[in-house]
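Please examine the sequence and the three-dimensional model shown below. The report that follows describes selected helices and aromatic rings.

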Amino acid sequence: MVFFRSLSALSRLRSRSAQQSSLGTSVRWLQMESSSDLDLRSQLKEMIPEQQDRLKKLKAEHGKVQLGNITTDMVLGGMRGMIGLLWETSLLDPDEGIRFRGLSIPECQKLLPAAKPGGEPLPEGLLWLLLTGKVPNKAHVDALSAELRDRAQVPDKLYKFIDGLDVTAHPMTQLSAGVMFLQVQSEFQKAYENGIHKSKYWETTYEDSLNLIARLPALAAYIYRRIYKEGQSIPMHDSLDYGGNFAHMLGFDNPKMHELMRLYVTIHSDHEGGNVSAHTAHLVASALSDPYLSFAAALNGLAGPLHGLANQEVLLWIKSVVDECGENVSTEQLKEYIWRTLNSGKVVPGYGHGVLRQTDPRYTCQREFALKHLPDDPLFQLVSKLYEVVPPILTELGKVKNPWPNVDAHSGVLLNHFGLTEARYYTVLFGVSRSIEYARS
Ligand SMILES: CC(C)(COP(=O)(O)OP(=O)(O)OC[C@H]1O[C@@H](n2cnc3c(N)ncnc32)[C@H](O)[C@@H]1OP(=O)(O)O)[C@@H](O)C(=O)NCCC(=O)NCCS
C-alpha cells in the first residue's frame, strides 16, 4: 500500500524556529512495508546510496537558491526563524505541531504497529519510520524489538561506574556520564582509527546508534532504581517490546503504564532540528564525533530547565500549587499563584515554545490518554484547569509569543498517576526517547 504526503527536500531545510517555507511543496511517498521487505539494516544499505545521490543533486541544482533574509532579531534570537539545517525526519509546523516523516501524531497512532490492537504505537515503529520514511508492519517491528533486546546487554563495569557517582547527582548527570562510559564501545571510533572509507561511515554509525538505543533503558532504569529503590535493579524482560521493557525495568508492570511508556517514547523521540539538544547532537556529530559523544552532548542540553528539564519543573510546580492551595484549588487561587510565579521572575513551566504557536499536539494526545485511563485523577484535573487559566494570563503579559501548553505540561501527571512520582527523574525518560532521533546523528 502506498499513500501520499507533501514535502519537498528544500522545504525541509529549516532551522530552530523556521516558519512555513515559501518554497512550496512537492511530493513525497510514504510506503507501507509488506512483510517480505528487508530488515532495517539491509533497507538502509539499499537506500543510503540513493539518498547520497539525492543530496548531491540538491546541492548541484539548488545550491545557489536563497532561503530568506537574515535580520538582527534572528541573530539575537539564536538563529530564530532562519532556515539553517537539513532535517529530514520531522517537520515542526508552528500551528499544526510535529509531523514525523509527514505523519501527524494521530496518524502515527493509527498507522504504526501497536503491542495490542488499538494500542499506542510502538517506538520501534517510529524508529523504522524515521530512518526509512516507510511505515513498518508488525513483523518488522517485532524483529526490531528482538534485535534491540539482543543488543541491550551492558557491562557490569557500567553499573560500578554509576555507583561511583554521588547518589545525589542529578539523574541526567548520571545518564550523561553513563553514556560517556559506554563510549568505549563505539564501533565508529574503532573503524575511523582503522582508516575506514567515508562511504562506509554509516555502517558503524548504525551499529553504534542501535547499540546505544538498545542499552539506554537498562542504564536509565539502573539509575532510577539506584536513587529511588535502594539499588534493587530489575533485569530486562526476555520478550517485551522497547517501551514495555523500559517500564518493566523501572519497576512498573501495570499494562497501562507500558502503554504510556510506548506513547511517551514515541512522542518525545524527535521534534525537528532547531531545539537545543537536537541541534547539539548534530553539531557535535558533524565533527565526526561518534553517536555516544554526540548523544551525551545532546543530553547535557536537554538537562536545561527551559528545555527537557521543564517536565520536572512542571510536576514540582503543580505539586507546589497543591501544597499551598489543596487539590480543589479555585480559579481565583490559581490565578493568584500564577501571577506570583511570574512576579517572582520565573516562567510558568510547560507553557510557551520557541516554534509552536498553538497547543502542542503532544500535549493533546497525552490529554486523550488521561481522559481514557485516569479521568478522575486530581492532578490531571488541575492540569485541565491550568489550560483554562494560564493562557489568558500569559497573553496579558504581552510578550509571550505562545501562551499554550507544550509537551511537558502534561507528561508528569500521567507518570505520577502510575507511581513514577519522582519528578527529578523525568528528563531521563525524555533523554532515552530522544536517542531514537539523535542516535542517527
Ligand atoms: C520554551 C521557551 C523557553 C521559549 O522561549 P522563547 O522562544 O524565548 O519564547 P518567547 O519568544 O515567547 O519569549 C518572550 C518572552 O516571554 C517569556 N515567556 C515565554 N514563555 C513563558 C512562560 N511559560 N512563562 C513566563 N514567561 C514566558 C520569555 O521568558 C520572554 O521574556 P523576556 O523577554 O523577558 O526574556 C519559553 O516559552 C519558556 O521558558 N517556557 C517555559 C519552560 C518550558 O516549558 N520549556 C519547555 C519547552 S518545550
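Which residue with a positive phi follows H18? The residue is Gly 419, and its phi is near 105 degrees.

## Basis of the report

The model is predicted: local features need pLDDT of at least 70, side-chain atom pairs count only at pLDDT 80 or more, and totals for chains, interfaces and linings use all residues. Residues are numbered from 1 along each chain as its sequence is written, and side-chain values use heavy atoms, with hydrogens and water left out.

Helices (H or I, at least four residues) and strands (E, at least two) are DSSP runs, numbered from the N terminus.

Helix H18 is mostly covered, with 9 of its 10 residues buried. Here buried means under 20% relative accessible area, exposed means over 50%, and partly exposed lies in between (1.4 Å probe, protein chains only). The buried residues of H18 are Asp 408, Ala 409, His 410, Ser 411, Gly 412, Val 413, Leu 414, Leu 415 and Asn 416.

The cover over these residues includes H11, helix H14 (310-325), H16, H17 and helix H19 (426-438). Contact means heavy atoms within 4.5 Å.

## Packing of H18 with H11

Two packed helices are described by the angle between their axes and the distance between the axes. Axes are lines fitted to C-alpha atoms, for helices over the stretch in contact, and angles run from 0 to 180 degrees between N-to-C directions. Helix H11 (residues 255-267) packs with helix H18 (residues 408-417) at an angle of about 160 degrees, and their axes are 10 Å apart. H11 and H18 are therefore roughly antiparallel to each other. In this scheme, angles under 35 degrees count as roughly parallel, over 145 as roughly antiparallel, 65 to 115 as roughly perpendicular and the rest as oblique.

On the H11 side, the contact is made by Met 257, Leu 260 and Tyr 264, and on the H18 side by Ser 411, Leu 414 and Leu 415. By class, this contact has 5 nonpolar, 1 polar and no charged residues. Ala, Val, Leu, Ile, Met, Phe, Trp, Tyr, Cys and Pro count as nonpolar, Asp, Glu, Lys and Arg as charged, and the others, Gly among them, as polar.

## Packing of H18 with H19

H18 and H19 pack at an angle of about 110 degrees, with axes 11 Å apart. That makes H18 roughly perpendicular to H19. In H18, Asp 408, Gly 412, Leu 415 and Asn 416 meet Tyr 426, Leu 429 and Phe 430 of H19. The residues of this contact divide into 4 nonpolar, 2 polar and 1 charged.

## Aromatic pairs

The structure holds 13 aromatic pairs. Rings of Phe, Tyr and Trp (its six-membered ring) pair if their centres lie within 6.5 Å; planes under 30 degrees apart count as stacked, over 60 as edge-to-face and the rest as tilted. The rings of Tyr 363 and Tyr 387 are stacked, because their centres are 5.6 Å apart and their planes are at 20 degrees. This pair links distant parts of the chain: Tyr 363 lies in helix H16 (residues 361-373) and Tyr 387 in helix H17 (residues 378-397), 24 residues apart. Tyr 363 counts as buried at 2% relative accessibility, whereas Tyr 387 counts as partly exposed at 26%.

Tyr 387 also pairs with Trp 404; the centres are 5.8 Å apart and the planes are at 40 degrees, so the pair is tilted. Trp 404 lies in the loop between H17 and H18, so its pairing with Tyr 387 in H17 ties together parts that are 17 residues apart in sequence. Trp 404 is partly exposed, with a relative accessible area of 26%. Elsewhere, ring pairs link Tyr 224, Tyr 228, Phe 252 and Tyr 425 into a cluster.
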